[in-house]
Amino acid sequence: MVLGNYKQVIAARSTDAEILRGSQDGGIVTQLFAYALDAGIIDGAIVAGPSDEPFKPEPMVATTREELLASRGTRYSISPNMSLIKEVTRSYGLDKVGVVGTPCQIQALRKGQLYPVGLRDVPDKIALAIGIFCMENFPYQSIIQLVEDHGATALENVSKLDIGKGKFWIYTERGATVQIPLKVTHKYEQPGCHVCLDYVSNLADISTGSVGTPDGWSTVFVRSANGDDIWAKAIAAGAFETKPIDSVKPGIELVTKLATEKITKNQQYIEDRKTKFTVGKELRNPYI
Amino acid sequence: MSKVVEISPTTRHEGHSKLVLKVNDDGIVERGDWLSITPVRGIEKLAIGKTMEQVPKIASRVCGICPIAHTLAATEAMEASIGCEIPEDAYLLRMMLQCANRIHSHALHNILTLPDMYLPGTDSKINPFTPEEPVRSVAKRIQTLRMVGQTIGEIVGGEAIHPSNPRVGGMYKNLTPRARAKVLDLAKMGLPLAREHMEFMIAILRNYQKRDWAEVGGKEIPIPKDLGYHNQGYMAADPVYGSSSLDEIPGWFPERWTEVRPWDWYMGEEEITLEDPSYPVGGTTKAGTKAWPQMEACTGVPLYDGQPVEVGPRARLVQFKNYDEKGAIGLQIARQMEYMDCFYKIIEAADALDCSAPVIADEIPQGDGSIGWAANEAPRGCDVHLAKVRNGKVEYFSMLVPTTWNFPTCSRALVGAPWQLTEVIMRAYDPCVSCATHMIVLDEDKRLVAEKLLE
């Protein structure tokens, strides 16, 4: 159950060379939204768009392919996508909203749909929720520290950041590669990530991430009936190239292993909050 | 020998009020007091010292049916005090919000009115809850009109109930072209429905005017031809939107306004001597109960030229379109006649809107304590807010809300009606009692008030 409920899991990548050029992995999120926009499944999507500062994401409502392309790539920093969840149905005037988010953001979305506190007319306007795998996140200041200090690289020269194979990777425009051991990054993590029990966006319609598939490909979980329907249409439209997950390395075993590690570690932290940090009192547990 | 009968609480309007009625032997009202018994929440007092951004958001919570009126009047009172001119496109958004709110409010009031009315040519009253035709499709049409009003309000105002988009200096957000298209689609969908509905409502109301009696609690009560007539004046600042002290030609005149206490206006202590347990549903107040309108009324009594005035749809039509029909039903008909204008104004404003234009003033002064006022033509009439802002903080805040103006006027209009029909007269004013209930301003001397305003 560490991977949540799903109907199918596959290795996939976009068939669109332009999307793949700037995408983090298989271009799944960008391609799915671009397809859904074309097909009228969504009118627009809340994505992590670019901002004035390099690798600092800013939530954005994308209603065109150009805007979707501009938001490609992982920014390992906080992007409060849910801050637009109501506005998108107001001054943006959308009726069918796409949302991409980390597991916690998809949780917020589903909670908002079931318990819409101050979210009038939001629950019925969510047309497609795409979740991304997430081990942990960093405040923007942490990214500056990691790249500029530990990586000795100017952030504005960076073309891509990646966490994989036990390393934090920095790729620059001019072709240099820097790797930082993950051990170094731990103290820069956002503390709130340490109580998170979701690795592969269990509550999304479709979730995707890099772990389990080779570079340039993504692991895709198709979860809900809605997700299944949209995925089938996208495949039929030729939007994706797919492979059975069993046929790729390292495959679903690694996803399961990492998910189990994350959940076990954070479950322990939640337990510790009962006793370890105070005398005779507990720190609050949002899960009870 | 006159008797006193009390209907408490009154129903099918917003808020909590009652009718204390002195009637003659035939049950005809000789003097009627309609008064708010909603607890005073004291918005005006607690506004003092708060920021000018915050107060309109608090004032909005006075009422959930017409929060747009209070948000806009309060925001614009702040803007009038600090001398801030908002951009044209912000005004267009506010205009759309205003009209959308009026559509939903009038449609909601139809639901409250219809149970008093008869299906033309029959002796059966209209129950909006019935699944039977023709009432079912009327109820659905009302729901659609309200949906259109609320959705447009939500898009342009950020939220249908307590709009989040207005701010001191303009609006937070302009619309995207898609949102503007959605507003236009909704308005154009609502337009024919509104016309159909207006005609239906007017037919129903005209039928009531032709009737000789109405059934109340199993009895046939004669309907007088002059039901709800009064000789008070009318007050309206604008046919649709409003006016403020920033205007070159203002539509409202603070020097003509005074306010007195309920003590000076309402009846003294009375004992209830007439009781009717068959008054639907649950009867009237028990005989022997004491009522003291002077003490119990929770509103101030605002006067214009020293007299109570009527505000609302009819006041707007009288002031700007020479409407001349008197009485409770005349007022109801005027309300229906406002539907179309709301839709046309929304379409006009949406057409004129530039989606890429700024909607916030370049500079927002912080205020030097000058007085400013803004009148918003709320669904129920002229809603005037007055404010003094210094260094971004509110020093003085006062709200003169439509139903506050109508309370004493409507009380006058009760005279001559059978007491069983007084609620029909009251409902014609579309009362919003929680709107009306606010801090009492103890200014008894007219000159003193005028001086205070000119400071």
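# Sheets, helix contacts and aromatic pairs

In chain A, 6 bridges join β6(A) to strand β7 (residues 167-172), and the two run antiparallel. Strands pair here if DSSP finds at least two bridges between them. Helices (H or I, at least four residues) and strands (E, at least two) are DSSP runs, numbered from the N terminus. This is a predicted model: local features need pLDDT of at least 70, side-chain atom pairs count only at pLDDT 80 or more, and totals for chains, interfaces and linings use all residues. Residues are numbered from 1 along each chain as its sequence is written, chains are lettered from A and ligands numbered from 1 in the order in which they are written, and side-chain values use heavy atoms, with hydrogens and water left out.

Stay with β7(A). There, Tyr171(A) is the bridge partner of Lys160(A). The strand belongs to an open sheet of 3 strands in chain A, with the order β6-β7-β8 and antiparallel pairing. β6 (158-164) and β8 (177-181) of chain A are the edge strands, and each pairs on one side only. Neighbouring strands of this sheet are turned by 15 degrees against each other on average, direction ignored. Helix α5 (residues 140-150) of chain A lies across β6, β7 and β8 of chain A. Helix α5 of chain A runs at about 70 degrees to β7(A). Axes are lines fitted to C-alpha atoms, for helices over the stretch in contact, and angles run from 0 to 180 degrees between N-to-C directions.

Next, two helices of chain A. The axes of α2 (residues 28-38) and α7 (residues 225-236) of chain A come within 10 Å and cross at roughly 85 degrees. α2(A) and α7(A) are therefore roughly perpendicular to each other. Angles under 35 degrees count as roughly parallel, over 145 as roughly antiparallel, 65 to 115 as roughly perpendicular and the rest as oblique. Which residues meet? From α2(A) come Ile28(A), Leu32(A) and Tyr35(A); from α7(A) come Ile230(A), Trp231(A), Lys233(A) and Ala234(A). Contact means heavy atoms within 4.5 Å. By class, the contact of α2(A) with α7(A) has 6 nonpolar, no polar and 1 charged residues. Ala, Val, Leu, Ile, Met, Phe, Trp, Tyr, Cys and Pro count as nonpolar, Asp, Glu, Lys and Arg as charged, and the others, Gly among them, as polar.

Chain B has a helix pair to look at too. The axes of α6 (residues 177-210) and α10 (residues 327-336) of chain B come within 9 Å and cross at roughly 175 degrees. α6(B) and α10(B) are therefore roughly antiparallel to each other. On the α6(B) side, the contact includes Met198(B), Met201(B) and Ile202(B); on the α10(B) side it includes Ile329(B), Gly330(B) and Ile333(B). The contact of α6(B) with α10(B) divides into 7 nonpolar, 4 polar and 1 charged residues.

Now a sheet of chain B. An open sheet of 3 strands has the order β1-β2-β3 (chain B), with antiparallel pairing. β1 (3-7) and β3 (29-36) of chain B stand at the edges with a single partner strand each, so one side of each has no neighbour in the sheet. The twist averages 15 degrees from one strand to the next. β2 (residues 17-23) of chain B pairs with β3(B) in the antiparallel sense over 7 bridges. Lys22(B) stands opposite Arg31(B) in β3(B). Helix α12 (residues 402-413) of chain B lies across β2 and β3 of chain B, running at about 165 degrees to β3(B).

Another strand pair is β10 (residues 257-260) and β13(B), antiparallel over 4 bridges. Val260(B) stands opposite Val301(B) in β13(B). From β13 (residues 301-304) of chain B, Val301(B) and Leu303(B) point one way, Pro302(B) and Tyr304(B) the other way, and all are buried. Buried means under 20% relative accessible area, exposed over 50%, partly exposed in between (1.4 Å probe, protein chains only).

Last, the aromatic rings. The structure holds 17 aromatic pairs over all chains. The ring centres of Tyr91(B) and Tyr241(B) are 5.2 Å apart and their planes stand at 70 degrees, so the pair is edge-to-face. Rings of Phe, Tyr and Trp (its six-membered ring) pair if their centres lie within 6.5 Å; planes under 30 degrees apart count as stacked, over 60 as edge-to-face and the rest as tilted. Tyr91(B) is partly exposed, at 30% relative accessible area. Tyr241(B) is buried, at 5%. For Tyr279(B) and Trp419(B) the centres are 5.4 Å apart and the planes at 35 degrees, so the pair is tilted. Both Tyr279(B) and Trp419(B) are buried.
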